[in-house]
Amino acid sequence: VNLRHPNGTLLKSATTTVHAGDQEAALTMVLDFPVQLWYPRGYGEQVLYEVEAGGFTRLIGFRTVELVQDPIPGQAGRTFYYKINGVPVFMKGANWIPSDSFESRVTTASITDLFDSYTAANFNTLRVWGGGVYMKDDFYDLADKRGFLIWQEFMFACAMYPTDTHFIDNVKEEVRDQVNRLQHHASIVVWGGNNENE
């Protein structure tokens with residue numbers, strides 16, 4: 001595994017052994033140097049490092065996310081806001097619903113056009129609605145590069161769902177697949193269970 005600075009400089013390498021028949025391998029890479037943090041648009045730069053492993057390359061950003069729910073002195077209730085890298089962020093944006101009735105017509109160019117509009121509107125957040133679809137990788141890559149925060153919902157919305165073991169096992173597999181696919185994206189700051197379901 002190689003980690004490269006955004007300028008292409010190799011920062012760290014690590015190896016592990018994968019035996020024939022293994023489906024998974026674990027590797028810990030300790031970063032003994034400071035990294036530049038990824039920030040949402042309007043709060044700093046979107047620094048993305050390249051990770052290469054076994055012929056696959058991904059861009060990752062380093063950041064922390066904290067949900068702040070402090071008591072409000074003299075009032076009922078609590079605060080509800082996020083800090084990214086310790087900085088309170090005013091999240092402003094919109095719901096992302098399927099941009100076309102036919103997903104096959106959604107292209108990188110059409111997604112880029114929409115992100116251009118969101119940038120012009122001064123958004124920094126998009127909620128991927130649980131009644132839609134899991135977006136293509138291009139969507140999340142663009143969010144990482146442009147500094148958009150993503151509130152990602154799992155695809156359950158406005159319905160009663162079965163609770164039998166077969167269905168729950170299917171849901172577990174869906175969640176595992178989507179989290180594994182998307183977890184490296186710095187832009188995803190919230191995983192929401194559903195839309196308007198208990």
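**Exercise 1. Find the bridge partner in β4 of glutamate 52, and describe how the two strands are arranged.**

Step 1. The bridge partner of glutamate 52 in β4 is threonine 57. Strands here are DSSP runs of E with at least two residues, helices are runs of H or I with at least four residues, and both are numbered from the N terminus.

Step 2. Strand β3 covers residues 49-53 and strand β4 covers residues 56-60, and the two pair in the antiparallel sense over 5 bridges. Two strands count as paired if DSSP finds at least two bridges between them.

Step 3. The two strands β3 and β4 form a hairpin with 2 residues between them, and in the turn glycine 54 has a positive phi of about 55°.

Before going on, note that this is a predicted model, in which local features need pLDDT of at least 70 and side-chain atom pairs count only at pLDDT 80 or more, while totals for chains, interfaces and linings use all residues. Residues are numbered from 1 along each chain as its sequence is written, and side-chain values use heavy atoms, with hydrogens and water left out.

**Exercise 2. Work out which strand is joined to β10, in which sense the two run, and how far β10 is enclosed.**

Step 1. Strand β9 (residues 125-128) is joined to β10 by 4 bridges, and the two strands run parallel.

Step 2. Within this pairing, arginine 127 has tryptophan 151 of β10 as its bridge partner.

Step 3. A residue is buried if its relative accessible area is under 20%, exposed if over 50%, and partly exposed in between, using a 1.4 Å probe and protein chains only. In β10, 4 of the 5 residues are buried, so this strand is largely enclosed by the rest of the structure.

**Exercise 3. Describe the aromatic pair formed by phenylalanine 115 and phenylalanine 139, and explain what it ties together.**

Step 1. A pair of aromatic rings is described by the distance of the centres and the angle of the planes. Rings of Phe, Tyr and Trp (its six-membered ring) pair if their centres lie within 6.5 Å; planes under 30 degrees apart count as stacked, over 60 as edge-to-face and the rest as tilted.

Step 2. The structure holds 13 aromatic pairs. In the one between phenylalanine 115 and phenylalanine 139, the rings are 5.4 Å apart centre to centre with 65° between the planes, which is an edge-to-face arrangement.

Step 3. Phenylalanine 115 belongs to helix α1 (residues 108-120) and phenylalanine 139 to helix α2 (residues 137-146), so the pair ties together parts that are 24 residues apart in sequence.

Step 4. Both phenylalanine 115 and phenylalanine 139 are buried, and in α2 the buried residues include Tyr140 and Leu142. Ring pairs also link Trp96, Phe115, Tyr118, Phe123, Phe139, Tyr140 and Phe148 into a cluster.

Step 5. Just after α2, glycine 147 takes a positive phi of about 85°.

**Exercise 4. Locate asparagine 85, serine 104 and histidine 5, and decide for each whether it is buried, partly exposed or exposed.**

Step 1. Asparagine 85 is found in the loop between β6 (81-84) and β7 (87-89), and with a relative accessible area of 14% asparagine 85 is buried. Its phi is near 55°, a positive value in a residue other than glycine.

Step 2. Serine 104 is found in the loop between β8 (93-96) and α1, and its relative accessible area of 69% makes serine 104 exposed.

Step 3. Histidine 5 lies in the loop between β1 (2-4) and β2 (10-13), and at 22% relative accessibility histidine 5 counts as partly exposed. Leaving aside neighbours within four places in sequence, histidine 5 is in contact (heavy atoms within 4.5 Å) with Leu11, Gln36 and Tyr49.

**Exercise 5. Summarise the protein as a whole by its elements, its extent and its burial.**

Step 1. The secondary structure comes to 3 helices and 11 strands, and from the N terminus on the elements run β-β-β-β-β-β-β-β-α-β-α-β-α-β.

Step 2. Along its principal axes, the C-alpha trace spans about 50 × 45 × 40 Å.

Step 3. Of the 198 residues, 29% count as buried. Among contacts between residues at least 6 apart in sequence, 61% join residues at least 24 apart.
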